[in-house]
Amino acid sequence: MAPVKTIFRKRHAWHLLGLLAVLATTVRADVSLPSIFSDHAVLQRSGRVPVWGNASPGEEVKVALAGANASTRTDSSGHWRVTLALDGADVGPHTMEVLGRNRLVISDVLVGEVWLASGQSNMEFKLSQAIGGKEEVAQSAGVQVREFRVKKTASPEPQEAMVGSWAVAGPATSGAFTAVGYFFAKAVSTDLHRPVGLIHASWGGTPVEAWMGSAAFDHDPELKAGRDRSLTQLAEFPQAQADYIRRYEAWADTYSRRDQVAANVASYAAVSVGTEGWKPVTMPGTVEKMAGAVWLRREVDIPAVETGWTLKLDLGRLDDFDVVYWNGERLAGTTYRDAGSVDARSYTVPVGKVNAGKNVIAIRLFSPRGAPRVEAKWTPFRAGSVSLAGEWQAKPEFELPPLSADAREAWPQAPRKPSPSYWQPSFLFNGMIHPVLPYAMRGVIWYQGENNLGRGYQYRTAFKLMIEDWRAERSGDVLPFYFCQLPNHGSKATNPGESTWATLRESQAQALTLPSTGQAVIIDVGESGDIHPRNKRDPGERLARLALGRTYGRPVVDCGPVYSEMRVEGGKVRIQFEVSSGGLVAQTLPTSYRRKSSDAGTVPLLQPSPGSELQGFTICGADRQWKWAQAKIDGTTVVVWSPEISVPVAVRYAWADDPTCNLYNGIGLPASPFRTDSFPPEQQDKKF
């Protein structure tokens with residue numbers, strides 16, 4: 001055994017060496033750059049291009065690229081920032097050199113146009129999934145488009161650093177690019193003969209509030225109250241969850257309602273299981289009128305186009321606890337330890353686990369209260385784009401005695417589960433937008449809104465505040481902001497009336513009151529049966545028209561007819577438009593359509609106003625009872641009427657979730673949906 005003094009000296013020596021190492025690190029730190037300044041980067045062609053990073057406090061840092069040079073010294077925290085004048089730089093490729101006590105060399109840097117592409121799943125949608133995407137990927141080697149994909153990051157506080165890397169368009173890489181962004185960038189690059197860099201920061205299934213900076217909420221009392229409620233619930237939930245777990249375990253022990261370890265899982269969950277002892281049940285619905293554990297299973301055919309990446313599995317609301325198996329392998333589950341378990345279940349099947357064609361889902365439901373059920377009235381019930389509604393097979397595993405009145409009365413209620421981090425107010429702004437906003441860029445393209453359909457009227461406030469907040473973060477720079485209005489989706493309306501999708505579209509259009517904004521109308525490219533339409537070329541190219549016309553001053557028509565004013569003329573209404581190239585055109589509608597682009601067959605397209613030149617118009621009198629209208633083009637106006645309305649007061653166009661409509665301009669751009677009335681929408685009281 002070593003003497004105590006020897007041990008002490010060794011420990012003291014190691015402590016001293018560690019202290020010296022820390023001091024050395026504090027005194028000297030290598031110059032570093034954020035990951036967005038890396039090989040294959042695209043820098044904005046501008047007279048003011050910021051470059052920033054870290055080094056030792058007080059260290060001199062020099063930056064050189066394409067003949068532009070700048071130098072500075074770091075501040076007391078080791079931060080540095082310089083500005084390069086690249087307005088006269090050629091395309092390149094160039095090498096960026098950053099020199100401090102060490103030297104960094106960034107290779108293959110281009111000078112061109114930079115755009116931030118953001119939003120939710122339809123912006124995240126990959127090029128390889130789009131119609132014509134595979135052919136586009138194969139031909140992408142000569143396209144001057146690059147993408148910096150920002151890693152998905154949800155943060156309670158604004159972050160300075162981002163994680164990501166630049167990818168050069170080519171057959172090996174382009175398939176993973178944002179499809180809308182790629183088609184946008186390709187069109188801009190082709191017209192301007194310049195490279196385009198996309199900063200891609202999107203996250204599927206997210207609301208606009210997650211993308212708003214915290215300061216944006218302070219401008220609206222209702223949004224601010226919603227933010228504060230959400231963050232308070234998030235902060236208080238861990239304690240509420242711990243209290244619930246203690247109460248539940250005591251209840252389960254008192255009334256003998258503990259779950260049992262599932263015996264021979266493979267006999268229920270394996271891909272090949274005999275149907276003996278199973279019975280057909282219709283889901284969503286009640287599985288068994290018993291307490292205990294019961295199994296559900298069914299086969300589902302997944303289209304080949306949805307393989308090769310993760311698959312979202314939405315299972316509605318399950319009572320009470322579950323374990324889900326996919327093709328015989330355990331995927332995920334929810335126990336009493338996951339407080340708030342009554343919330344909708346949404347799981348993800350990993351890449352490589354999704355077969356083209358047959359897949360098997362098995363779900364073990366454990367309900368200590370009784371009557372396990374699946375409820376999906378207000379929530380999705382599908383695997384990817386495939387509905388799971390219909391016939392399943394069910395088989396009990398074990399049954400518990402009926403619950404006593406005392407046990408039922410004592411049932412502990414789980415606390416409300418807070419929204420996931422990617423739904424929390426400002427969390428995506430903090431993690432994915434704030435770090436990239438200092439980067440020199442020309443503008444923003446945006447495709448989002450589906451996750452705000454439940455409160456579409458409030459979106460008009462939140463969306464504008466988000467745009468203004470992003471601009472404020474750039475010291476008031478009026479960054480051009482072009483967005484996709486939501487496309488057509490859902491069931492065809494038998495009778496005219498209110499529409500959550502139309503309300504959201506109108507709220508999006510309200511952002512056009514801000515300077516340097518533009519809206520790509522895509523009311524004709526959606527899919528009735530798929531919220532992720534595969535036509536991403538038209539949205540991308542229509543966004544490019546806005547950028548080329550409004551930002552770059554190119555002689556292009558960038559939008560279709562836009563409603564201007566109405567005039568009542570006897571029993572008819574005359575609608576005036578701001579008309580672009582080619583006047584007003586009534587496009588011929590097909591006699592049938594596919595509800596999803598992947599469908600093999602078609603369904604008839606019924607025209608709501610038979611014999612009318614234009615479809616999609618509705619009209620009402622003072623009673624506000626909407627009727628399908630006849631409509632025809634008259635010069636630069638549209639005349640609208642109905643034999644059922646003698647004294648009209650208002651007209652609407654394409655005011656439905658999935659409208660049948662055919663008003664365009666002469667180059668094939670659709671008219672924007674509109675209403676002439678200001679009747680209070682149904683969603684006016686739905687708040688964040």
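Colleague: Why is D319 called buried?

Modeller: Buried means under 20% relative accessible area, with exposed over 50% and partly exposed in between (1.4 Å probe, protein chains only). D319 has 12% relative accessibility and therefore counts as buried. This is a predicted model, in which local features need pLDDT of at least 70 and side-chain atom pairs count only at pLDDT 80 or more, while totals for chains, interfaces and linings use all residues. Residues are numbered from 1 along each chain as its sequence is written, and side-chain values use heavy atoms, with hydrogens and water left out.

Colleague: Where does D319 lie, and which residues does D319 touch?

Modeller: D319 is in the loop between β15 (317-318) and β16 (321-326); strands (E, at least two residues) and helices (H or I, at least four) are DSSP runs, numbered from the N terminus. Not counting residues up to four places away in sequence, D319 touches L365, F366, S367, R369, P372 and R373, where contact means heavy atoms within 4.5 Å.

Colleague: What makes the pair D319 and R373 a polar contact?

Modeller: A polar contact is a pair of N or O atoms within 3.5 Å; within protein, one must be able to donate a hydrogen and the other to accept it, and residues adjacent in sequence count only if both atoms are side-chain atoms. The side chains of D319 and R373 make such a contact at 2.8 Å.

Colleague: How do you know that helix α11 is mostly covered?

Modeller: Eight of the ten residues of α11 (residues 500-509) are buried, namely W501, A502, T503, L504, R505, E506, S507 and Q508. Their cover includes α10 (459-473), β25 (481-484), β26 (517-520) and β38 (674-675). At the start of α11, a side-chain oxygen of S499 comes within 3.3 Å of the backbone nitrogen of W501.

Colleague: What makes a space a cavity, and how many of 30 Å³ or more does the structure hold?

Modeller: On a 1 Å grid over the protein atoms alone, a cavity is a set of points where a 1.4 Å probe fits but cannot get out; lining residues have an atom within 4 Å of a point. Grid points are joined across faces, edges and corners, and a volume is the space filled by probe spheres set on the points. The structure holds two cavities of 30 Å³ or more. The largest has about 60 Å³ of space, and its lining includes Q519, R542 and D558. The second largest cavity, of about 30 Å³, is lined by P496, G497, T618, W626, R652 and W655.

How values were computed
1 Å grid on protein atoms, 1.4 Å probe; cavity = no way out; pocket = protein on both sides within 12 Å on 5 of 7 lines; lining within 4 Å.
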